[in-house]
Amino acid sequence: MKPRTTDSARRGGPWTRAARPVALTALPAALLTLLCAGAAPGATTPGASPYAAPAASPYAAPGTGAYAAPGTGAYAGPAAHGFVPGAARSGPQVGPPRGRAFDAAPARAALARLLPRHAGQFTLVPDAAAEADTFTVSGTAGALTVRGSTGATLLTGVGWYLQHVAGADIGWPGDSIGMLPATLPAVPAPVTRSALVPHRYALNDTDDGYAGPYRSFEEHQRQIDLLALHGVNEVFVQAGAEYPYYRALQGFGYSAAELREWIPGPGHQSWWLLQNLSSFGGPVSERLMRERAALGGRIAEQLRALGMTPVLPGYFGTVPPGFAARNPGSATVPQGDWAGFDRPDWLDPASPVFGKLAAAYYAEQRAVFGDSTMYRMSPLHEGGQTGSVDVRAAAGAIQKALHAARPGALWAVLGWQDDPTAELLAGVDTSKLLILDGLSDRYNRLDRETRWGGAPYAMGTIYNFGGHTTIGANTSVWLERFPAWRGKSGSALRGIAYLPEATGTNPAAFDLFTDLAWEPGPIDQRTWFADFASRRYGRPDAAAAAAWEELRKGPYSTSSGLWSESQDSLFTARPGLTAAGSAHWSPKSMRYPAGSVRRALDHLLRVDPRLRASTAYRFDLVDTARQALANHSRVLLPKIKAAYEAKDLDLFRELTAQWRDGERRLDAITGSDPNFLLGGWLGAARSWGADKAEQDRYEYDARSVLSVWGRRGTSEGGFLHDYANREWSGLVSELYAPRWERYFASLEEALVQRAAPREIDWYAVEEEWARRTTRHPSRPSGDPYALAAGIAAYLPAAG
C-alpha cells in the first residue's frame, strides 16, 4: 500500500445478514460470555476506568490476578468483565501435539463441505506414528484411506488425491467436482508425502480489508477448508483484532467512546493494525466489535480443530493520541504521515508502561481468541519513525512482552521494503522469529541469508495488490528460486508465505504456489499447467490445454526485476488520455504479449460442451474474457488520444463509442459470475449495521476502500484513489463507465467549441459515489458463454 504492502472481492455469491450470525449454542463459553455480558465497557462513564478491581491490586500475570494501570485506576483483567480464559481454554491452544492422537471429526466435517457427494468414500485416520506434516493415501475404488499427522494434513492428502488421481480441482474460486465419477478411482499404490518446509503461511495483513472485511463465518470457514486442502498450516486471523485494544486501553485512561472513534471501520482496520492510520470509516459500534471478536474467535477455534496455527496479531506499541499525558512514565514517538493519514503514536517498548499494556492486551486477546504459538507484528512498517528509540532494545522488549504472555511464541514479521532492519534483528532471539518475505519473486539478486543474518524466513509472493482483477504471476520465478534457495549451503529458508493482498483471484497461482511445499521433485512449469488444465475442468481436453498453454506462456510467465503482479485495466483508471494504469503503484505497461490472453479466450470457447457446466470453467471463461477486454483498453486509448489531438471529431466519436461498448460488455460479462459482483460486497457491509445510519456508515467504509480509499489529502496527495480497483459488475457501470463518459464528453465539447476541456474534480465525483447507497444484484445473470463469445467477436483476432 502506498509504497506497496501486501483482496479481490469476497468470492462466491451473495452476502446476506441471514448467513452471517453465529448460532450462540456453537460458541465457546468465553465467547458466549462476551456476547451476552450485561455490563459492557461501553456502558461506563466516559473517562472513568471500566475495571472494577481494587485500586491497590498488584500488577499480575495474565489471568492470575489484577492489573493496575498507571494513572487510570485499576485494571481488573478480562475475568472481571465476564471473560474467564480458563473456562473455554486452558493454556496454549495451537492444535494437537505432535505424535499424539487427535480428533479427526473436524477434518471429516470439512471433507463433507468440500465433497458432499463423495466424502463417505474416504476414511480419515489420525496417525500418531506419522512424521510431522505427513500424509499417506491408499485404497481401492470407492474405499480410500488417508492417514495423516493432523486434521489439516488429512485434508491435504485428500487434495493430493483429487489432483493426482481423481483429476479434479477445488480451486479458489471454481471447482470441477461435478465431473467426478460416482465411484472414486483407486490409488494404484500407497503414496506418502511430507511437507518440505515446516511453515506454510497464508494471508497478507491486508487480506481482510481487500478480500472482504464483512465476510460471514461460513465464508471464512470455506477459506480455511481450501487452505488445509492445499497444505497450509499457519493462517493469519484478523477479524475482531480491534477488540483486545478496545478492552485493554480502557484501563489506560481512555473512554469507550474515545476508542470507538479511534478504531477505523473494518474495511480500513488492516492498516490500523499496521500502524498506518486510525479513525477512518468509523466510528464502530461496540456491538460490531463484539460480533467481530466472536467471529475471529470461531475462526481461531476452527483452525485449532484442524491442527492449524491461528496466527494472531501481537502487540508492539500502537496507542491513541495523548497516551503519555494519561500514563505517567510512558514515552511515545509520533509516527508522522502515511499517504496523508496521521499515523498512531508508538509507545516506546522499553518504557515500563509498555509491558503492562502488552500484558493487558494479551490477556484480553486470550479471553476471546485463546493462545497461539505464532504472532504477527511489523513495527515501523512503511516509514515509521524511530525518534530517539533504540530499535534494538525496543525489539527485545516487544519479544520479551510476547514471551511473558506466550512463552516461546514465534514472532512473524513481514519482509518488506527495508524491514526487518539489522537493528531489529539484533535485538531478538531469531530462533523465535520467522520473516515472511514479500519480495521473494519481485526483485533479482536477492540473498536472504546475508540480508537477514541467517534468520529463518519463508519465501513469499504478493502477486495481487489491492484486489485487482488481473491474471498473472511470476510462476517461473517461484519454480526456479524455491528449490535453489532451499538447497543452497547454509539456507535459512523454512517455509512458504502465500501473501497476495487479496485472496480469491488467480486459482492457478494459488494451486502452484502451495504445491511448492509438497512436491518432492522439481516442478516443470509446462507440465504442471497441462495437468492443471486437465483437472480444472475434470477431463483432458485439447482446447483447454491450448488455452492454459497460452496463459502459461503469457501472464503466468512474467519475470522478476520490478514487479510481482501484472498490469491493471485502463477501464478502471481515473480518466486521462495518457492514463497508463489505474493504481498509482501498478505496472504502467503490459508485462506479457496481449495476444496470449486473446488466443486463450478463443481456445476456451472451443472446450468440449460437456465440460462447460463447472464453476471452474465459468470462472475461467469470464476471467479470461474480462482480461482480454482489459488488455484491449490499452490499445484503444492511444487511438482515442491520437484522434483528439488530430481534432478528428468523427473518429473521436467512433472510437469513444467503441470504448463505451467495451465497458458495457465488461459489466455484462462480470455480471454473469458471482465472483465479480459489487452487490455482494455492499450487501455484506450493510448486513453488519444495526440501523440505517450504521448500515450507511459501513457501506461507505466498503465503497471508499474501492475508490477514494481515504480523505481528499490521502486520495490525491497519497495517491490512494483506485488502489483497490477491480473489474466488477456494478462498479464498472456505476463508477468507471460514467467517469469515462464525463471525461469524453468534456473532450468532445472542447473539440466542438475549439476550447480547452473543462476541469473535473475527480475526487468529488468519486466521493459522491462512495457516499451512495444504491443497490446492486448479488446474484449473477446472463449467459457467460454467449457473453464471452460476443467479446471474442468484438475484439480483434490475436496475431
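Predicted model: local features only at pLDDT ≥ 70, side-chain atom pairs only at ≥ 80, totals over all residues.

Q: How do the rings of Tyr 498 and Phe 510 sit, in distance and angle?
A: They form a tilted aromatic pair, with 5.1 Å centre to centre and 55° between the planes. Tyr 498 belongs to strand 19 (residues 493–498) and Phe 510 to helix 17 (residues 507–515), so the pair ties together parts 12 residues apart in sequence.

Q: What about Phe 571 and Trp 659, what kind of pair is that?
A: That pair is edge-to-face, because the planes are at 65°, with the ring centres 4.6 Å apart. It links distant parts of the chain: Phe 571 is in the loop between helix 19 (542–553) and helix 20, while Trp 659 is in helix 22, 88 residues apart.

Q: Are those two buried or exposed?
A: Phe 571 counts as buried, at 1% relative accessibility. Trp 659 is buried too, at 0%.

Q: How many aromatic pairs does the structure hold?
A: There are 51. One aromatic cluster is made up of Tyr 210, Trp 271, Phe 280, Trp 338, Phe 341, Trp 585, Tyr 700, Trp 709, Phe 719 and Tyr 723.

Q: Which charged end sits over the ring of Tyr 700?
A: That of Arg 771, 3.7 Å from the ring centre. In another case, the charged end of Arg 726 sits over the ring of Trp 681, 5.3 Å from its centre.

Q: OK, switching to the core. How many residues are in the largest nonpolar one?
A: It has 236 residues, and those with the most contacts inside it are Phe 122, Tyr 161, Tyr 315, Trp 411 and Trp 709. Helix 21 gives the most to this core, with 13 residues.

Q: What does Trp 411 touch?
A: Leaving out residues up to four places away in sequence, its contacts include Tyr 375, Met 377, Pro 379, Ile 398 and Leu 402. Gln 399 and Lys 432 are among them as well.

Q: Now helix 28. Which of its residues are buried?
A: In helix 28 (residues 784–794), Pro 784, Ala 788, Ile 791, Ala 792 and Tyr 794 are buried. They cover an arc of only 160° around the axis, which puts them on the same side of helix 28.

Q: What do the buried residues of helix 28 pack against?
A: Helix 20 (595–605), helix 21 (615–645) and helix 22 (649–670).

Q: And what happens at the start of helix 28?
A: A side-chain oxygen of Asp 783 comes to within 2.9 Å of the backbone nitrogen of Tyr 785 there.

Q: Change of topic: where is Ser 707?
A: Ser 707 is in the loop between helix 24 (692–706) and helix 25 (712–717). At 1% relative accessibility, Ser 707 counts as buried.

Q: What lies 2.9 Å from a polar atom of its side chain?
A: The backbone oxygen of Arg 703. Apart from neighbours within four places in sequence, Ser 707 is in contact with several residues, including His 721, Asp 722, Glu 766 and Trp 769.

Q: Last one, Gly 167: buried, exposed or partly exposed?
A: Partly exposed, at 22% relative accessibility. Gly 167 lies in the loop between helix 4 (151–166) and strand 6 (191–194). Not counting residues up to four places away in sequence, Gly 167 touches Leu 162, Ser 534, Arg 535 and Gly 538.

Terms used
Residues numbered from 1 in each chain as written. Heavy atoms only, no water. Buried < 20%, exposed > 50% of the residue type's maximum accessible area, 1.4 Å probe, protein only. Helix = DSSP H or I, 4+ residues; strand = E, 2+ residues; numbered from the N terminus. Arc of directions from axis to C-beta. Contact = heavy atoms within 4.5 Å. Polar contact = N/O pair within 3.5 Å; in protein donor to acceptor, adjacent residues only side chain to side chain. Core = buried A, V, L, I, M, F, W, Y, C linked by side-chain atoms within 4.5 Å. Phe/Tyr/Trp six-rings, centres within 6.5 Å; stacked < 30°, edge-to-face > 60°. Lys NZ or Arg CZ within 6 Å of the ring centre and 35° of its normal.
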